[in-house]
Structure formats: structure tokens, C-alpha cells
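Morning, everyone. Let me put the next model up, and we'll go through the interface and then the confidence.

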2 protein chains.
Amino acid sequence: MNRSGGTFSKDGDRATQLSNVALLYYGEGLTQSEIAKRLQVSRVTVVNLLRDARDEGIVEIHVSGRHLTESSLSRDLRDKFGLEDVYISDTFNSAETDRAAVLRQLGRVAATAFLNVVEPGDKIGVAWGETVLALCNALPRARVEGVEVSQLIGSMISDRVPASETCAIQIANQIGARCFTLHAPAIVSTVDLARALRLEPTIAAQMNRLRALDMVVSSIGNVSKDTHLVAAGMATPGEAKAAEKAGAKGVICCRYIDAQGQECALPPSDRVVTTSLKNLRAARKIMLVVCGEDRADATRAAIAGGFATHLCVDRGLAAALLQSNS
Amino acid sequence: MNRSGGTFSKDGDRATQLSNVALLYYGEGLTQSEIAKRLQVSRVTVVNLLRDARDEGIVEIHVSGRHLTESSLSRDLRDKFGLEDVYISDTFNSAETDRAAVLRQLGRVAATAFLNVVEPGDKIGVAWGETVLALCNALPRARVEGVEVSQLIGSMISDRVPASETCAIQIANQIGARCFTLHAPAIVSTVDLARALRLEPTIAAQMNRLRALDMVVSSIGNVSKDTHLVAAGMATPGEAKAAEKAGAKGVICCRYIDAQGQECALPPSDRVVTTSLKNLRAARKIMLVVCGEDRADATRAAIAGGFATHLCVDRGLAAALLQSNS
DNA sequence: CAAAGATGTTTACAAATGTCAATTTTTATT
DNA sequence: AATAAAAATTGACATTTGTAAACATCTTTG
């Protein structure tokens, strides 16, 4: 019908057409109608071509992460805590308490930050939490060469808390990395079983792999009755309360830490199958993704313990961290 | 940057805000109205913020160049001439003879191709021509580390033909490269003066720099009365006609080449201040940007002479190149 | 050959977007 | 404190865009 105008026959030809249309629209700035006239097709077709071009990744829209660290708030936090970078998500949730939207935006900022920080060849450990999941969900498909993603924490079954497994696999998928999972529950019922599992060859091998990580992606949990440890059924409310009394300020990798970031030997830390805090701290780049002002104490504890080099937080938490007295 | 710390931090805050708004719009997919409501500003302001985010390079819209080489036409050309890659711009100019539009689209394709081909640390030589200028004009701001851009051909004064100087500077600006210009006319009136100029230390130094290029961006000129050599006042119509009679098929770097791509020792080749064809051919990556079916013979000559590894052409020229008998 | 499917077209409509000019608010400067 | 300059807002408007439904054309396939 429009053979001379630019009908393509093969798949590759189609991709070329998509690229050219995309260039006309996003590059040259023509309107869809103008493009339709040139191609001698209907405008609806152009709409579809452009959608396909975006869907197939021929057109990429990328928001630079560098600028997320340039606010004064970010700089002040960096200076105060000696962090490498602080990415702040603006939530603007003045009236609304749409926590889901706040999380999504933080996830997007964290995903942008992640792509800024990750380097080809990195071995990455991925932990837990709704903020980490938000990062995963916002991560665009962007190949990074030679990356290995490992699960830091055993698997678990819970409706409310996203598993480390899920997060690790999702990140690996998006950046085209190899993924190593931990074939064990995150927490078991007896100390003996936990010890036996850690000695199990396949698990021990994976644990060994976690000793030389380049980068870690994690969050930090609160110590209170709504901590995710309890939510995930991994601790009783009583245990949590006891931990709080004992001076625990945060939860990372299913382990309690005090205000100085030192591990508190409290249950259920002896029944978990996760990497050790020593290994966690050893990573060169540790990206902590945290949401909510009520996490300020926990975040401070994590920073004090050396569990963060890069921070992704919402504006509220950022302000809370700065206001702190000490 | 020329102000106190206070102003600087405000600028940074603004960049952070732009990033966040951009993420909401391009990432989360909110409408401008929704974003305005969240920020509690007017929608007009959001429009402006988004425009600024694009202008300041916080949002980048990138069209993948890979797909431009996947059409069967591209593959056939690659196979026939043994080229590394062939990028084809679709012009769709069925009825219209808007040569400017065709050029712009080719420029955009070539710019995309350029960014695909250039590698950090490359030393790039840049030549002449309206197609090369079209590439420059379409080149987005995209930093490439450690690149040096050099002018392949002396400067010239002409309204009709864009100078090598202009092109080199523009490319260097866009990719943040260092730029070396040739402080000499492209053509002078006597053979002796040309020789003397080439021996001039500053010019000789620059010429030396052109002996170890990683990449070249050039076009190829026609041998006919409307060749750009004549248009730029660098040759008389008589000379051009004589060259054509003598078997010259194309003009590259102000020098005539025959069908086999060998240099024809014809005037004004002995009065030009440009890199030698030997140096040109020595570059690892040579990107030839050519527009128009009437350049088919010249393009074939250039390819035969080893003056192309990567080709950027419009669909018409691509078809013409394939149809050729030999 | 006919039915089924895919693809593109036309038409129509609602929503989103870009832009303008007039006005108010904020900020900087004297 | 007054005022000039800059920035944001408002409301109105035309354009652009996304989407849907009904129809036409071509290809595949049994």
C-alpha cells in the first residue's frame, strides 16, 4: 500500500522503523500528526509505534541520579554522618498519608541511586524489606555487566513482608545479573537446627560467597511492636519488647543492634540463617534504603555501626536525622 | 558556582526538586495536574519544572542506536561491502522534497550512531560537510570521558559550507571533550605556501596528532559542478570538470579519489592543509555520513578505498548502493 | 474456499498538555 | 520602608495526545 513510503518486511526492519519514528518524535520534536503524514499512515498507528518503541526499550527515558544528592539537606547529612552520598526523595505528602505513594517515590529514587552506584563486576548482597522491594519495583531494565546478586537473608513465607529472595531475583533480572539464592528459611525454631543448616554444604557455600561483597542493598527495621520481625512472624511481641528494653535500636539482617550499631545477642539472633553483621559491614558500598521519620533512631544506629555508605531516605526522615541532638 | 554557599545549596535543592518531579512524571506516570496538587503549586509551574529538567539534562530521552542497524537493508549493505555497521535514516519524503528535513533526520540517526560508536579515550578526527554538521546539530549533550576531538581540515570562510572547525568544536562541546583546531586555511593560493604552512610548528604538531586517530567522522563529496569544493570557492568549475574527466569519483578531505578509492593527484590537492588520506584510512573507526542517491558513486569509491567502517545514510542512498551492478 | 486472526484505518471523544496574558506574590536593592 | 525586578499563579484557550469502537484489508490455515 505504501511501499515507497516505508513499509518494512522483517522484524529488524520494524525496529529500524520504530527508531526512526522515535527520533522524529523525541528528537526532531514533530507532532504525531506530522509524522503520520510523512509516513502516510494514520495517527493512531504512530501512537502505537511510539508506545512499542518505549515498550521495547528503543526509547529510554532516564532521570539522572546525580542531582538527587545535590540539595543542602543531602549535603548536610553527608557531612554530619560522613556518608558518601545521600539521595532524598521528595514526597510532598502534606495532607495525604498515602504511604504507598511515598514508598513508590522513594523506591524510584533508590532505583536511580542504585544504578548510579553499581559498577560492572560488583558482587551485590540484597536484603529485605518493603523499601528494598520498592527499589526493585522501580528498577528499569538496564544491563550491568558481570554482576552477581546474592541473597543475604534466608527465605521466608509471609504475606506482609517481601522476601529477600524475591528482591534479589528481581534485581538480578533487571540488570541481567547472575543470582545466588539461599536455600534455607530465614529463621528456624531451634538454635541447633540453625547451626546445622549453616554447616550444610550448599548453604555454607552461599554464606562464604557473602564474605567478599562489593555492595549491599538493605533497609533497617524498627524495634517496636510493629517491627517487621514480628510482622513476619519471626519474633514474638514479647521478645521485641524485651529487646527494646535491653537497648536495641534497630534491626538489620534479622539481628538487633544498639545505638552504637553493635549487635545485641538477643533472640532470635541465634536462630537466623543470614549473613553476619561483620560480613555486611565489610562491603565497600552499603546502600541503606529507609522510609519514615520513625526510623530515625534505627537509621542512626545503623550508620553508627558502619552499616551505611549510601543513604536513600524520604525528606521527612532526612530532616529528622538532621534535627537529632547528638 | 560564582556565588556563596547559600546560593549554591539553593541551586542544588532546585535540581533535587526537578529530579523528583521528573521521577513522578516519567517514572510514576502521574499527570501534571496530579503532581501540581501534590506539590501544591500551579500546573503551569509543573510544566516549567519538567521543561527545565529536560533542558538541564536531568531527564534524558535516549533513542537506542542499535536498532537502526537491524533492518535487512542495513544487513545487506554490511554484507556486500564488509562494513561494521550501517545506520539508515528513514526520510519518508514521498512527495515533499524538503532536503533540510531529510538532512536533519539523517543527522539525528548519525548522532545516535556516533554515540554508539565512540568510546571513552578515543581520539577523534572531524571533517566537513553539511551532513557532518547535521550530526553535530543533532548531538545531545552526553559526556564521554577522555575524548580528544581534532579538526581534520583547515578552516575556511564560506557561507554555504560549514567549516571543519565548527563541527569539531560543536562535537567537543557536547561530549565534554578537549578540542584541537587547525590554525590554518583549508586551502591556500600557492603550492609553496601550503608546504610552508604544513611545516609551521603549531600546524605540524596538530598534523602529527592526526596520525594516530581512533575514530574519524567525515562525509564524501561529489565530483560535479555542485561539489562542495566549488561551492566553498576552493576549486573552479573548470577544475572540477577536469577532475571528473580524469576519473575522479569523490572528494574526501578536499582530495579527489577514483573509483578504487585511490587519490588522484589533481589540483587543488597540492594546495590544501588537511590530513593525508593515509592517516585518514589508518583510523580504526571511520564513520561516513552521506545523504542523497546521487552520492552513490562517491560513497562506493570511499568504501573501496577503505575510508569507511561505519556508514550513516538515508534510505534512498542505501537502496542505490545496493542496486549497483558491480 | 471460507473462517479466523492480525493489522491498520476512520471517526469520535475525553483527557492531558503547552501557551498566553494579566495579576499577585515574593525577593532583592536602595 | 519603598520600590523595582523576578517568579509564581490564575484562568482561558488551542493543540496534542490517548483511547475506543466499528470497519476494511490482507494473511494464514484448516
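Eleven residue pairs are in polar contact across the interface of chain A and chain B, with both partners at pLDDT 80 or more. This is a predicted model, remember.

Which elements of chain A touch chain B? Those giving two or more residues are α2 (11-28), α3 (32-39), β1 (59-63), α5 (72-81), β2 (85-89) and α6 (99-117). The largest share comes from α2(A), with twelve residues. By type, the chain A side divides into 17 nonpolar, 18 polar and eleven charged residues.

Now the extent. In contact are 46 residues of chain A and 45 of chain B. The buried area between the two chains is about 4,200 Å². Carbon and sulfur atoms give 54% of that area.

Look at the strands next.

Last, confidence. Chain A has a mean pLDDT of 80, and 87% of its residues reach 70 or more. Where is confidence in chain A lowest, and where highest? Lowest is helix α1, residues 3-6, at a mean of 34. Highest is strand β10, residues 285-290, at 94. Over residues 1-10 of chain A, pLDDT is below 50. That stretch still has twelve contacts in the model beyond near neighbours in sequence.

That's it from me. Over to you.

Notes. Residues numbered from 1 in each chain as written. Chains lettered and ligands numbered in written order. Predicted model: local features only at pLDDT ≥ 70, side-chain atom pairs only at ≥ 80, totals over all residues. Heavy atoms only, no water. pLDDT = per-residue confidence, 0-100. Helix = DSSP H or I, 4+ residues; strand = E, 2+ residues; numbered from the N terminus. Contact = heavy atoms within 4.5 Å. Buried area = accessible area lost by both parts, 1.4 Å probe. Polar contact = N/O pair within 3.5 Å; in protein donor to acceptor, adjacent residues only side chain to side chain. Nonpolar A, V, L, I, M, F, W, Y, C, P; charged D, E, K, R; others polar.
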